[in-house]
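Please read them with the structure open.

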Amino acid sequence: MDAGTDLTNTVSVVSDQVPGPTVASALTPLSASASLTVDKVRSNGTDPVTAAGEVIDYTITVQNTGGLTITGVAASDLLPDGSTGTLSAPAESISANSELNVGESWTYTISYTVTQTDVDAGTELTNTVSVVSDQVPGPTLASALTPLSASASLTVDKVRSNGTDPVTAEGEVIDYTITVQNTGGLTITGWQLPICCLTEVPVL
Ligand SMILES: [Ca+2]
């Protein structure tokens with residue numbers, strides 16, 4: 001099938017009276033085509049993503065859906081941050097011969113760690129694989145989308161961190177420590193403490 005030439009069947013007949021040989025051939029044309037499909041799914045990880053550091057696992061499947069062996073298969077992966085990812089070696093479902101045999105599927109995996117830039121951007125994460133081969137140059141693309149759902153929140157805490165307790169005389173100094181903590185998934189910008197709180201004089 002892979003050779004792509006017509007099938008020729010030849011018979012040769014000899015006899016005492018007609019030594020020949022007399023030859024007859026029958027040609028059977030071949031009409032096989034090469035085709036493949038590419039699928040990419042998010043196989044593990046939180047959905048939706050809520051914070052940086054979360055890991056998304058993807059599985060990519062390339063399947064030979066035609067009648068010819070496909071050679072020179074190469075897959076490249078574009079991660080959500082725009083960088084090129086490193087795919088696992090493909091697992092071949094029929095025979096590990098570096099050819100995408102008829103009916104065979106190749107399975108790749110790749111992981112991506114969500115960055116703070118991704119979360120702050122707020123747009124869904126897109127991971128795209130591109131597959132080329134000798135018989136199906138393509139490229140054939142497949143993408144997996146992961147939504148983001150991060151919120152902004154913070155807490156403020158204020159404690160007396162130094163000074164006598166209780167206060168016994170005028171002029172004693174009390175130190176306060178104010179802690180502002182980001183308890184959400186988004187970077188918080190432009191926040192400030194009202195000036196009143198920094199200059200507040202406690203009433204003894
Ligand atoms: Ca194979």
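1. Serine 98 sits in the loop between E7 and E8. This is a predicted model, and in it serine 98 has a positive phi of about 65 degrees, although the residue is not a glycine. Serine 98 has 11 other C-beta atoms within 10 Å, so it counts as exposed.

2. Glycine 103 belongs to the loop between strand E7 (91–92) and strand E8 (105–113).

3. Two cis peptide bonds should be noted in loops. One joins glycine 20 and proline 21, with omega about 0 degrees; proline 21 is in the loop between strand E1 (7–13) and strand E2 (22–28). Another runs from glycine 138 to proline 139, with omega near 5 degrees, and proline 139 lies in the loop between E9 and E10.

4. In what order do the four strands of the open sheet come? The order is E6-E5-E9-E10, and the pairing is antiparallel. Strand E6 (84–85) and strand E10 (140–146) are at the edges; each has a single partner strand, so one side of each has no neighbour in the sheet. Inside this sheet, strand E5 (residues 74–78) and strand E9 (residues 125–132) are joined by five bridges. Alanine 75 stands opposite valine 131 in E9.

5. Nonpolar side chains tend to be buried together in soluble globular proteins. The largest nonpolar core here has 25 residues, and Val62 and Ile70 touch the most other members. Elements that give two or more residues to this core are E3, strand E4 (55–64), E8 and E9. Apart from its neighbours within four places in sequence, valine 62 is in contact with Leu36, Val38, Val73, Ala75, Leu100, Ser105, Trp106 and Val131. Two of these contacts, Ala75 and Val131, are the residues that stand opposite each other in the pairing of point 4.

6. Aspartate 39 is found in strand E3 (residues 36–44). It has 14 other C-beta atoms within 10 Å and is partly exposed. Which residues does aspartate 39 touch, not counting those up to four places away in sequence? They are Thr61 and Ala142.

7. Last, the chain as a whole. Its secondary structure comes to two helices and 12 strands, and along the sequence the pattern is β-β-β-β-β-β-β-β-α-β-β-β-β-α. The radius of gyration is 34 Å, well over the 17 Å that the globule rule gives for 204 residues, so the chain is more spread out than a compact globule. The C-alpha trace spans about 140 × 25 × 20 Å along its principal axes. Of the 204 residues, 17% count as buried. Among contacts with a separation of 6 or more, 62% are between residues 24 or more positions apart.

Methods: Residues are numbered from 1 along each chain as its sequence is written. This is a predicted model: local features need pLDDT of at least 70, side-chain atom pairs count only at pLDDT 80 or more; totals for chains, interfaces and linings use all residues. Two strands pair if DSSP finds at least two bridges between them. The radius of gyration is taken over C-alpha atoms; the globule rule is 2.2 Å times the number of residues to the power 0.38. A residue is buried if 20 or more other C-beta atoms lie within 10 Å of its own, exposed if 12 or fewer, and partly exposed in between; C-beta atoms are placed from the backbone. Two residues are in contact if their C-beta atoms, placed from the backbone, lie within 7 Å. A nonpolar core is a set of buried Ala, Val, Leu, Ile, Met, Phe, Trp, Tyr and Cys residues joined through C-beta atoms within 7 Å.
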